Each structure stands twice: as C-alpha cells, then as structure tokens.
Amino acid sequence: MRIKFNLIVAKIWMSLPSTMLLCLGISSINLLGFSKAQAFHPCPPLHRAEHKGPLGSIPVCVPTPPPISIPTNPTEVSEETWGQAGAVGYQSASDIMRAKNGGSQGLYQSQKIYLRPHFGDLVDRVQVVYNAQMMDTWSAFGQEIRLGGVESAAQTYCDRIYVRDSYNPNDFNQVILLAHELTHSKQCEKLGGMTQFGYHYFREYKKGGQNYQNNTMEKEAEAFQEKFAGWLSGEIASQNQSSDISVSLGNGKVIKYFRNNGTGTLVRQDGGEIIQRYSGWHKSWDQIVAIRTDMVLFYDREAGKGEIYRIEPQGNLTFLYRYDGWRKTWRNISSLGNSRVRFVDDTNHSEIYSVNDQGVFSDAN
Ligand SMILES: [Zn+2]
C-alpha cells in the first residue's frame, strides 16, 4: 500500500511541472524525463488560463491535480501519507496560483510599519498579489481540502501572498489579514520551504481530523492574528491622540512626538499617512527642530542636552551627535535655513550656529 502510494506521488511530482512547461511550448527542457515526442500535445481546453505578464497575456496550461486513485477511504490514510501528498500538492497549488494570477508587488510601507515589529525583514521579502483569483480547495486522495477561515480572503504560498480584494490603504483589517498570512510565510521559512510546509500543513490537517480549524498551523496563525489585532487597535488609538510636538520638515513630511509614551511618527502632511514609527524615545524633549529636511535636533532643556539625527529616505533616524553641556535656558530654537539654527533664551539673548553634515555645531554669529 505504502509502496504503491509513493509511486503515485512520484508520478504526480514528475507530471505536474512538466505539464506547464510542455504547454508553454518549452520542449527543449526535458528535466523530468519526458520525451520530446510527448511535448506538443495541446492543452486540454479546461486547463487553459491566461497569465498576465509584462508583455501582455500569454496562455498557459494550468495543471489540475491528477486523479489519485487510492482504493482506500481517505480517513484511513495515515498522517505520514497525507504529509507526503501535501509536499507535492502544495507546490502544485502554488504553481496553479502563479499561472492563474498576474504580477505581484512588495508590501506597502504603510503596511510594513505595523508588520515589521512582528515579522522583521520578512516584510521585505514577501510578494503580494491583489485582486487574486483564489483556489477554494486543495485536492488529495480524490478529496477536497476545503480552505476555510481567513484563507478564503487570502492565501499564502510561502513568500507569495494572494489577496482576493484590491489594496485598501484605509482598511486596517487588510493589515490584520496580512498578519495571519505572514504567520504562514514565517512557518514556511522555519520549516525550510514549500515542500516542507506542504508536508506539515497536510499532516496537521489530517491530525486535526481533516478540519481546517483544528490544524495546528492554522491555530497558530489564528492566535497570532488575534493578538496582532489587539495590538494594532492600541497603536491606532495612540496614533490618533494629539502629539506634544509636531514639526514640519519642509518636504511634505511631519515629525510627531508623543512625550508620555516616548514614541514618534513621521507622517505625510497631506493625508496623514504614517511613513515611519519610532519608539524608545526620551520622554523629556522640549523642542524638536528640523535643521534640514533630512536632519533633526532634539533639545532637552532641563538636562541641557541636544541630540542630532539624520532622517534617512525611508524615515529611519541615524544618530549623528550628542551635546551634553548645553545651556538650560533656551526658550526657542528655530531653523534659519541653510543648516543654520538660532537659539533664543529667556532674556531674548540669541545665538546663531551652523550645522555640518555630521550634526556638529559651529558658531555663526
Ligand atoms: Zn491560515
């Protein structure tokens, strides 16, 4: 029984990718042991799909999973066998999704802001396809694995996430949806790739009594999604509170400072879209000054401290210079343009300084 099944799996493994290659007419590639004579049979009409590439639509064959005839009730198939079927089936589903759908794109900066703290640079590696045509089921043993829950709105094939709807920058639920899907991307990376993910996903599906919700890999994604949703609503609430200091950088961007929790944001002046979020800031800054569009000064009057940072194109702050012995009497610090800064104290005495690219001040009175 096992031997027979393995043979069947091996056959599927070989036939699936080759179907795609053959139908694309790439007959010279013969990686999978098929002879050229077999290469030019036309696509069965039902298997044809359009692939929208940069050069327009090209018809491709979509391999439908071949029938697997196992003379056994699927419920009697072992978990290991389900796993093996998944190792193949998941990969082929991924191929089908690629062929069915058009181009992909990276996550938007506005999404990365919320997802990066939880997923690190995985957010830079995944690709997203919006308006995706989904598969509602995966096949194994002549049975359908019905994808439920979140997976009807989005599906992930390791580093490629398919979202049924179009991108909506104002929909925080879409970010929550991505958090669920990124959990699957993370699982995939951790397990070592598509084949391993498919193996584990199908095996856990079987372990969970062939029920989507009981699959431990779904439970993990579901649990994280819920935790993330709670965290996100807190973030949004804090972001809607009014800032203590708001400084225009003069390039359409504004830095906002929230003293009570030591956080800040970089937002677009029109629209208010958050470009970057900052945390771990001192809670004692009195003034923030945009020395240039890409350089900012933080002044702590009580401590007599000044810190200068460069604002990188993505909005990250790079530390440049710290002053510890500044006077504690500066009432107003303002930019004069051309990297010059004026300090005015409580007695209206003023001093002007130039600032170089490294954030170092020199007397310009
Ligand atoms: Zn899921």
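Start by selecting Val163: leaving aside residues up to four places away in sequence, Val163 touches Val128, Val129, Tyr130, Ala132 and Ala154. Touching here means that two C-beta atoms, placed from the backbone, lie within 7 Å. Before you click on, note that this is a predicted model, where local features need pLDDT of at least 70, side-chain atom pairs count only at pLDDT 80 or more, and totals for chains, interfaces and linings use all residues. Residues are numbered from 1 along each chain as its sequence is written.

Now widen the selection to the largest nonpolar core, which has 39 residues; those touching the most other members are Val126, Val128, Ile161, Tyr162, Val163, Tyr201 and Phe202. A nonpolar core is a set of buried Ala, Val, Leu, Ile, Met, Phe, Trp, Tyr and Cys residues joined through C-beta atoms within 7 Å. Buried takes 20 or more other C-beta atoms within 10 Å of the residue's own, exposed means 12 or fewer, and partly exposed is in between. Colour by element and you'll find that α2 (79-100) and α5 (172-191) are among those giving two or more residues to this core, with α2 giving the most, nine. Helices are DSSP runs of H or I of at least four residues, strands runs of E of at least two, numbered from the N terminus.

Next, show α3 and α5. Their axes come within 11 Å and cross at roughly 35°, using lines fitted to C-alpha atoms over the stretch in contact, with angles from 0 to 180 degrees between N-to-C directions. On the α3 side, pick Gln111, Tyr114, Leu115, His118 and Phe119; on α5, pick Val175, Leu178, Ala179, Leu182 and Lys186.

Over to the open sheet: four strands in the order β12-β13-β14-β15, paired antiparallel. Pairing requires at least two DSSP bridges between two strands. At the edges sit β12 (287-292) and β15 (317-323), each pairing on one side only. From one strand to the next, the twist averages 25°. Zoom in on β13 (residues 295-300) and β14 (residues 305-311), which share six bridges. Select Met295 and look across to Arg310, its bridge partner in β14.

Last stop: Gly325, in the loop between β15 and β16 (330-337). Is Gly325 buried or exposed? Gly325 counts as exposed because 7 other C-beta atoms lie within 10 Å.
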